[in-house]
Amino acid sequence: MDSDVFLQLTVSGLSNGMVYSLVAVGFVVIFKASDVINFAQGEFLLFGAYLAFAFIAQFGLPWSVGVLATLLTAAMIGLIVERLVLRPLIGEPVISMIMVTIGLSSLLRAVVNGIWGVRPKAFPNFIPSGEVEFLGAIVGIDRLLVIAIAAILLTVLTLFFRHTRDGIAMRAIADDQQAALSMGISIKRVLAVAWAMAAITAAVAGIMLANTVGVSHDIIFIGLRVFPVVILGGLDSVPGAIVGGGVIGLLESYTAGYTTSGLELIVPYIVLILVLMVRPYGLFGKEIIERV
Amino acid sequence: MESGIFFSDYRSDMALRRMPLQKARTGLLLVGLVVFPFLATPYWLNLANQIAIATIGAIGLNILVGYTGQISLGQGAFMAIGAYGAGLLTVRLGVPFYISIPAAALITAVAGLVVGLPSLRLKGLYLAVATLAAQQIVEFVVTHWDGLTGGTEALVVPAPELFGARMNTDGRFYWILVVVALAVALFAANLFRSRVGRAWVAIRDQDIAASAIGVNVFGYKLLAFATSSFLVGLSGALLAHYRSIVTWERFTIEVSISYLAMIIIGGLGTISGSFFGASLIVLLPAMINTLGRSLQDTAPWAATVLPYVQQGVFGLVIILFLVLEPEGLAKLWRNVKDYFRVWPFSY
């Protein structure tokens with residue numbers, strides 16, 4: 001086996017995997033706080049990428065201001081979505097929750113396509129591209145930077161859940177909603193924070209995707225590809241999302257590199273089914289045993 | 001003095017249509033269905049045929065989701081199996097369509113059993129994700145198994161023949177579709193009043209309680225998967241013969257989503273809801289299209305945003321129904337009926 005190729009595949013797999021992890025963390029945050037799985041996460045990504053494109057390329061803002069504006073707008077969208085769509089449905093059955101986020105994804109996609117069209121756009125990359133020699137293999141700087149940024153952000157999120165008031169409140173609500181309520185935790189506030197955070201992490205991932213693969217409609221498919229990641233890691237576990245993202249990213253990259261049949265498109269889903277059969281709560285998820 | 005309607009034998013008490021008004025409505029519906037093709041333009045006939053196929057698929061999905069409470073995102077995959085099954089049987093083996101369609105439906109039912117196996121351990125969200133994976137895997141197999149399905153190439157199915165007549169026009173195919181759709185609706189309506197249907201509803205409402213009162217939960221879940229996939233495969237097979245062309249783009253995850261939208265908007269766990277929802281989801285894009293064309297002269301830009309408007313309205317309709325009327329169109333229809341039942345002397 002050629003070690004150069006192997007290392008390149010590892011780096012590109014890891015950088016894809018870190019983007020998956022970021023998207024997956026958005027899922028996890030929402031799921032932890034409200035037991036809702038957000039099928040519109042891919043559209044949040046799309047929105048993030050196109051907002052960054054609009055602020056930086058169309059309005060000509062410097063990239064630091066543009067990124068900040070993107071994150072703020074994304075947070076606003078998250079808050080609006082939570083208030084108008086999700087809050088009226090608190091306590092409804094799972095199918096309603098799934099369908100409402102699917103409806104949301106369709107609506108958001110239409111808005112993005114309506115504003116910016118479906119053709120891929122050239123994004124003014126602000127993450128420096130170019131190649132460096134890393135452990136004897138040639139890899140893109142942008143790839144390495146994506147891994148670094150994602151690692152920092154994921155660490156921040158992990159610390160958020162451990163140490164901040166809102167993070168602990170979120171864990172409390174996930175654990176027992178009634179008890180959390182009686183301790184004076186505002187569920188509405190926590191849910192709003194959760195959606196804003198999910199939108200922000202998705203926007204960051206969207207900006208990174210825009211830098212590495214460009215701004216195009218295909219970004220939404222990442223939203224579906226993240227399901228194997230969250231299931232593998234455990235739906236309610238931030239470390240799980242990180243590990244799951246890495247594993248799935250690497251797996252895809254190796255399958256794409258060493259086989260020729262396009263098998264990498266379904267390998268994650270095969271993993272997903274295997275995990276569901278053996279360990280439905282994933283590697284790090286909370287174990288809920290219920291037998292019928 | 002008697003007020004109200006009384007039945008003096010079990011037969012009329014258990015009839016599917018008991019009230020005079022119900023009977024009148026059913027009669028009116030049947031007459032309407034018979035008269036329709038003689039009055040309709042080809043455009044409307046085409047839409048009616050699409051609605052009939054969608055109704056069969058939606059009833060199938062409703063058995064699984066609305067009655068048994070097992071969420072499935074694999075509708076598109078099952079339709080693909082039905083369509084390719086029927087198409088390949090006809091093209092490769094020369095089987096006539098009245099055999100290929102039920103055979104394809106049976107093949108799909110077996111596939112449904114396989115996909116249903118995880119439902120032994122998985123519920124709700126997890127089952128939805130598992131069926132999503134099944135959808136992706138079936139899509140991959142269809143597009144990559146060139147030897148069997150022709151891969152991404154379209155599979156051309158010859159127009160079916162019945163009594164020496166080629167069923168290649170909307171007007172002729174209408175009769176096949178209407179008869180099958182009515183038969184499916186009747187079958188489903190009776191099924192839900194039987195032991196099996198009640199077991200499904202028990203599993204949906206509380207699976208542990210259902211198990212405690214002696215319902216074989218896993219067996220009935222599998223039966224629901226098989227029955228549902230049979231009907232979904234049937235609708236896929238009909239689609240193959242109706243369109244006389246099978247391509248994988250017709251059976252993507254988008255299809256799964258629009259069928260889920262049909263039963264949500266129509267009303268979970270109702271047969272009339274399956275029909276209403278199918279009609280709305282088929283007619284909505286067609287109407288927006290017509291509207292866009294009529295605006296073409298005054299607002300030429302309308303044509304370019306049309307696809308996005310369709311998509312956006314689709315999403316918006318789902319959200320609005322879930323937030324404002326979770327029980328769907330079937331509930332609205334019930335409200336109308338309730339209003340007129342004692343009209344004009346309500347209260």
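**Reading chain B**

Modeller: Among contacts in chain B between residues at least 6 apart in sequence, 76% join residues at least 24 apart; two residues are in contact if their C-beta atoms, placed from the backbone, lie within 7 Å. This is a predicted model, where local features need pLDDT of at least 70, side-chain atom pairs count only at pLDDT 80 or more, and totals for chains, interfaces and linings use all residues. Residues are numbered from 1 along each chain as its sequence is written, while chains are lettered from A and ligands numbered from 1 in the order in which they are written.

Biologist: Which secondary structure does chain B have?

Modeller: Helices (H or I, at least four residues) and strands (E, at least two) are DSSP runs, numbered from the N terminus. Chain B has 15 helices and 4 strands.

Biologist: What is the radius of gyration of chain B?

Modeller: It is taken over C-alpha atoms, and the globule rule is 2.2 Å times the number of residues to the power 0.38. For chain B the value is 21 Å, close to the 20 Å that the rule gives for 347 residues, so chain B is as compact as a globular protein of that length. Its C-alpha atoms fill a box of roughly 70 × 60 × 45 Å along the principal axes.

Biologist: How many residues of chain B touch chain A?

Modeller: Here 36 residues of chain B are in contact with 34 residues of chain A. Helices H6, H10, H12 and H14 of chain B each supply at least two residues of that side, and H6(B) gives the largest share, 12 residues.
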